[in-house]
Amino acid sequence: MKTRYAVSVKCLHYIRSCLGFGILVMFLLNLTCCPFFQQNYTILKESDIQQHQEDDITRVCTVLSISRAASSILLRHFNWSVSKVHDAWFADEDRVRKTVGLLEEPVFQFSNARELTCGICFEIFPRDGIKSAAYCHPYCTACWAGYISTSINDGPGCLTLRCPDPSCGAAVGQDMIDSLASDEDKEKYSRYLRRSYIEDSKKTKWCPAPGCEYAVNFEAGNGNYDINCLCSFGFCWNCTEEAHRPVDCGTVAKWILKNSAESENMNWILANSKPCPKCKRPIEKNQGCMHMTCTPPCKFEFCWLCLGAWQDHGERTGGFYACNRYEAAKQEGVYDEAERRREMAKNSLERYTHYYERWASNQLSRQKALADLHQMQTVHIEKLSDLQCTPESQLKFIIELGCRRVLKWTYAYGFYLLESEHAKKQFFEYLQGEAESGLERLHQCAEKELQQFLNTESKPPNDFNDFRTKLAGLTSVTRNYFENLVRALENGLSDVDTNAACSKTSIKNAGSSKGRGGRGKPPRIGGSSKTADYWSCEQCTYANAKSATRCEMCNQQRR
């Protein structure tokens with residue numbers, strides 16, 4: 001009898017948040033053995049933010065027996081931390097009141113006169129036309145309204161509004177705002193207040209996706225900082241870059257900087273061009289003979305190989321496709337330094353290109369998966385239900401995008417993995433290769449084989465049940481591969497260090513350079529496998545000569 005798979009709500013949350021795995025990973029029905037993963041963050045909508053804010057104000061108001069306006073002022077000052085408000089208040093109430101502007105005694109003594117003079121416009125008003133905030137100086141309602149409106153339109157600084165009198169530090173609370181401001185200004189003030197609740201707190205952040213208005217309340221716990229917002233954007237809590245587990249934030253920052261920096265442009269110029277002997281502008285030779293002509297206004301004609309003037313060349317120097325002078329000088333070692341620098345730049349560029357192309361390729365694959373997700377949810381589920389005579393409730397596909405993201409960032413990790421750590425590099429490449437192979441098998445099954453059931457009505461139900469069983473098995477295997485990869489990278493490939501320490505004596509006696517798995521040292525991309533001839537700069541990764549103390553590209557001191 002074929003097993004039927006149904007996914008519970010807890011399993012859905014687990015699969016969605018657990019390690020961020022899967023691309024076109026489809027869990028079909030009754031996956032009862034799936035463990036539950038505790039999510040350590042909460043996505044907050046605007047209504048949730050307002051409710052949390054009101055709850056905190058109520059707690060402070062109740063415990064300290066003060067007004068809601070005063071509670072709001074206290075919470076804003078202490079970055080919306082209820083515990084900090086309580087600690088500071090009970091430690092020294094007078095000091096806190098003075099600091100935030102909650103006065104207990106009036107700073108201005110009102111007379112018993114029926115009319116009072118406004119301290120701003122100096123007009124005389126009846127007593128009911130004069131207002132003051134928290135025992136501060138009295139002003140007419142028109143001046144108060146103008147002062148409040150100007151402050152609100154100036155920006156979020158209105159949240160710390162004080163009495164207009166320069167010598168008075170009394171705070172202006174939300175009660176004054178609500179009674180005197182226009183509806184538009186009150187809405188702006190409420191918006192500033194909600195943003196303050198998120199931006200001032202250390203436990204909450206806005207989702208950095210453009211146009212997203214969701215916030216995240218994060219609870220530290222399991223060491224996973226990847227956040228999946230309701231808008232489908234995934235980001236890292238620490239650095240707010242795209243979610244990048246298992247790579248640390250420092251590596252991600254270096255990789256992003258390198259992708260946007262000019263160092264690789266300089267590497268490319270050095271590896272693929274030569275300077276004009278006259279004007280020194282870089283020139284690329286992509287085809288043709290050795291006779292080069294610089295662009296106007298220089299127009300200098302020279303030999304590509306020896307960089308000598310072309311008027312000194314001819315049949316006697318080798319013609320258009322060779323240069324005897326270059327060959328002779330090369331034998332004498334004249335061009336050794338220039339060729340060495342060009343070769344190192346080429347090797348460095350090819351290595352960077354190797355990792356960047358694979359990093360970008362997985363990013364494109366992930367974007368395609370987002371499109372496939374939308375199509376699956378809007379079109380294929382209903383069609384598949386009709387063709388297989390199966391209720392849609394039994395065909396809920398969980399389509400995950402995290403595997404490509406994990407795989408993408410492992411290439412950034414591999415780029416910064418030191419060439420000298422041969423065993424770690426081999427172990428990393430083995431884990432990465434296993435995970436990638438498993439993902440491709442799963443992708444083949446999920447995308448290609450599924451089409452057979454979408455494009456024809458001749459497939460019997462038993463075949464579809466076999467497909468579901470196979471898909472669930474491949475999903476489980478692929479998840480294991482990625483769990484092993486993520487766990488190893490987050491531990492800094494420490495398994496290799498432990499293994500190397502235990503077998504140090506045997507390796508020394510064997511005299512072999514093979515690492516874990518018995519494989520030989522992987523060759524350096526684009527060049528020789530020997531790594532003792534150069535060192536890689538930590539700043540720009542340029543391959544420098546072993547004897548150099550500073551990077552020839554960015555002048556960074558060798559460490």
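Visitor: What is the relative accessible area of tyrosine 225?
Guide: The model is a predicted one. Tyrosine 225 counts as partly exposed, a class that runs between 20% and 50%. Its relative accessible area is 34%.

Visitor: What kind of pair do the rings of phenylalanine 218 and tyrosine 225 form?
Guide: The structure holds 20 aromatic pairs. In the pair of phenylalanine 218 and tyrosine 225, the ring centres are 5.7 Å apart and the planes meet at 25 degrees. Planes under 30 degrees apart meet the cut-off, so this pair is stacked.

Visitor: What kind of pair do the rings of phenylalanine 415 and tyrosine 416 form?
Guide: Their centres lie 5.0 Å apart, with the planes at 90 degrees. An angle over 60 degrees is required for this class, so the pair is edge-to-face.

Visitor: Which lysine lies over the face of tyrosine 416?
Guide: Tyrosine 416 is buried, as is phenylalanine 415. Both belong to one aromatic cluster, whose members include Trp255 and Tyr352. At 4.5 Å from the ring centre of tyrosine 416 is lysine 254.

Visitor: How many disulfides does a search of the whole structure find?
Guide: Cysteine sulfurs must be within 2.5 Å to count. The search finds none, and the number of disulfides is zero.
Cysteine 207, for one, has its nearest cysteine sulfur 3.7 Å away, in cysteine 212. The count is zero.

Visitor: Which cysteine holds the sulfur closest to that of cysteine 276?
Guide: Cysteine 276 is buried, at 0% relative accessibility. The closest cysteine sulfur is 3.7 Å away, too far for a bond, and belongs to cysteine 279.

Conventions: Residues numbered from 1 in each chain as written. Predicted model: local features only at pLDDT ≥ 70, side-chain atom pairs only at ≥ 80, totals over all residues. Heavy atoms only, no water. Phe/Tyr/Trp six-rings, centres within 6.5 Å; stacked < 30°, edge-to-face > 60°. Buried < 20%, exposed > 50% of the residue type's maximum accessible area, 1.4 Å probe, protein only. Lys NZ or Arg CZ within 6 Å of the ring centre and 35° of its normal.
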